[in-house]
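Hi there,

Here is the model I promised to pass on to you. Have a look at it first, and my notes follow below.

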Number of protein chains: 2
Amino acid sequence: MRDSVPGPRWLSADERAAWLALLSTTTLLPGALDAPLQKAAKLSLFDYNVLAMLSEAGNRTLPMSELAARTSASLSRLSHVAKKLEARGLVSRDTHASDARVTAASVTDAGMALIEELAPLHVASVRSLVFDQLDARDVADLARIGRKLMRGMDAGHWILRDPAP
Amino acid sequence: MRDSVPGPRWLSADERAAWLALLSTTTLLPGALDAPLQKAAKLSLFDYNVLAMLSEAGNRTLPMSELAARTSASLSRLSHVAKKLEARGLVSRDTHASDARVTAASVTDAGMALIEELAPLHVASVRSLVFDQLDARDVADLARIGRKLMRGMDAGHWILRDPAP
DNA sequence: GTAATTTAGTTGTAGCTTCAAGTAATGACT
DNA sequence: AGTCATTACTTGAAGCTACAACTAAATTAC
């Protein structure tokens, strides 16, 4: 009665298979990457990423907004985390000279030392959980599909900017 | 200078591109799917999934362990959520007749009515965020890659069991 | 038959995330 | 110069999740 073909067409069998795989992956992957960092240094994956993005930035510093963009986080979330990392001495924050609205976050030397120490561990998890499971074609397909999905969620996301030289 | 060969080999450029796309996707997708359900019915994506899995099960009922497996959740997480959904009258729990250790969770009629009401909305989000962005080849690739990733995280996951009848 | 182990689930709690609201600085408009 | 809107955050509280500890039922082992 209700469904003379459900409102927005339901998923095909292929789509359903892909959907279930994607859903379970997004559910389990973050936790799996979190655990080793948590055990080694009481850092979440997100914490690690904040430090990593800062460490790769020019003079180890980024405005909060830009850092939020690069970590795909809300400003609110980032603010809470930055506060915590600052309390731990891994990050410092200063208001920008020419625009007092912006806060520039930087990795401290201690923060730098910590990610450098953790990087091998983290890369090892990424490798064993992701890239050891995939062949070269999979990697290319994953990058292509990931970018397409990002387009749907946030067309202006930084990851979509440089079409890779 | 930057890459003086770190301990476990670092990611190649292709791998890095795929990794960034995957990381931002897993970061943003859950929230994007959550929001509409949250606004429409104060349900999280996980809540929705619990109800959906139960609604698809024989006689709308599953043991907690099996439900946890199908939602890729820990028993602890599921237990908290089941309690909440039970308080809202969407789910009921009863101890199994022949094995008093197992708790059987069921969707109530109210729960059934709610997912049926929400399904079109949710499918619409999944479609617009995921499948509208992908062509048929992408969908096949995504399913293949997703299953490979699941193998790395949990070789016994239910999603990997039936290679489609 | 009973002690030891395993299985199934629940609960408390700390910490994280989200959401709504607030502050303060800047830019735009008049 | 003064109002209005926007940008760039910060904060508090409510709710969710992970971890560790716990209970109770069923199996296994002796």
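**How the two chains meet**

The contact between the chains draws 61 residues from chain A and 62 residues from chain B. Please keep in mind as you read that this is a predicted model. Between them, chain A and chain B bury about 5600 Å², and carbon and sulfur atoms carry 72% of that area. Which residues of chain A lose the most area to chain B? They are A:W19, A:R127 and A:M153, and together they make up 11% of what the chain A side buries.

**DNA strand D**

Of the atoms of DNA strand D that come within 4 Å of the protein, 68% belong to sugar and phosphate.

- The side chain of A:S76 has an N or O atom 3.0 Å from a base oxygen of DNA strand D.
- The side chain of B:R77 places an N or O atom 2.4 Å from a phosphate oxygen of DNA strand D.
- For B:R101, a polar side-chain atom is found 3.4 Å from a sugar or linking oxygen of DNA strand D.

Which elements give two or more residues to the surface near DNA strand D? Chain A provides α3 (64-70) and α4 (75-87), and chain B provides α4 (75-87). Sorted by class, the residues of this surface near DNA strand D are five nonpolar, eight polar and seven charged.

**DNA strand C**

Now for the other strand. DNA strand C has 20 residues around it, of which A:S76, A:R77, B:S65, B:R93 and B:T103 come nearest. Sugar and phosphate make up 67% of the atoms of DNA strand C that come within 4 Å of the protein.

- An N or O atom in the side chain of A:R77 sits 2.4 Å from a phosphate oxygen of DNA strand C.
- B:M64 uses its backbone: an N or O atom there is 3.3 Å from a phosphate oxygen of DNA strand C.
- B:S76 has a polar side-chain atom 3.0 Å from a base oxygen of DNA strand C.

On the surface near DNA strand C, the elements that give two or more residues are α4 of chain A, plus α3 (64-70) and α4 of chain B. That surface has five nonpolar, eight polar and seven charged residues.

**The sheets**

Let me turn to the strands of the protein, chain A to begin with. Chain A has an open sheet of three strands in the order β1-β3-β2, with antiparallel pairing. β2(A) and β3 (residues 103-107) of chain A run antiparallel and are joined by five bridges.

In chain B, three strands form an open, antiparallel sheet in the order β1-β3-β2. Here β1 (61-63) and β2 (91-95) of chain B are at the edges with a single partner strand each, so each has one side without a neighbour in the sheet. Neighbouring strands are turned against each other by 25° on average, direction ignored. Five bridges pair β2(B) with β3 (residues 103-107) of chain B in the antiparallel sense, and B:V91 stands opposite B:V107 in β3(B). Helix α2 (residues 45-56) of chain B lies across β1, β2 and β3 of chain B and runs at about 95° to β3(B).

Over to you, and happy browsing!

Best wishes

Technical notes
Residues numbered from 1 in each chain as written. Chains lettered and ligands numbered in written order. Predicted model: local features only at pLDDT ≥ 70, side-chain atom pairs only at ≥ 80, totals over all residues. Heavy atoms only, no water. Near = heavy atom within 4 Å. Polar contact = N/O pair within 3.5 Å; in protein donor to acceptor, adjacent residues only side chain to side chain. Helix = DSSP H or I, 4+ residues; strand = E, 2+ residues; numbered from the N terminus. Nonpolar A, V, L, I, M, F, W, Y, C, P; charged D, E, K, R; others polar. Pairing = 2+ DSSP bridges. Contact = heavy atoms within 4.5 Å. Buried area = accessible area lost by both parts, 1.4 Å probe. Axes fitted to C-alpha atoms, helices over the stretch in contact; angles between N-to-C directions.
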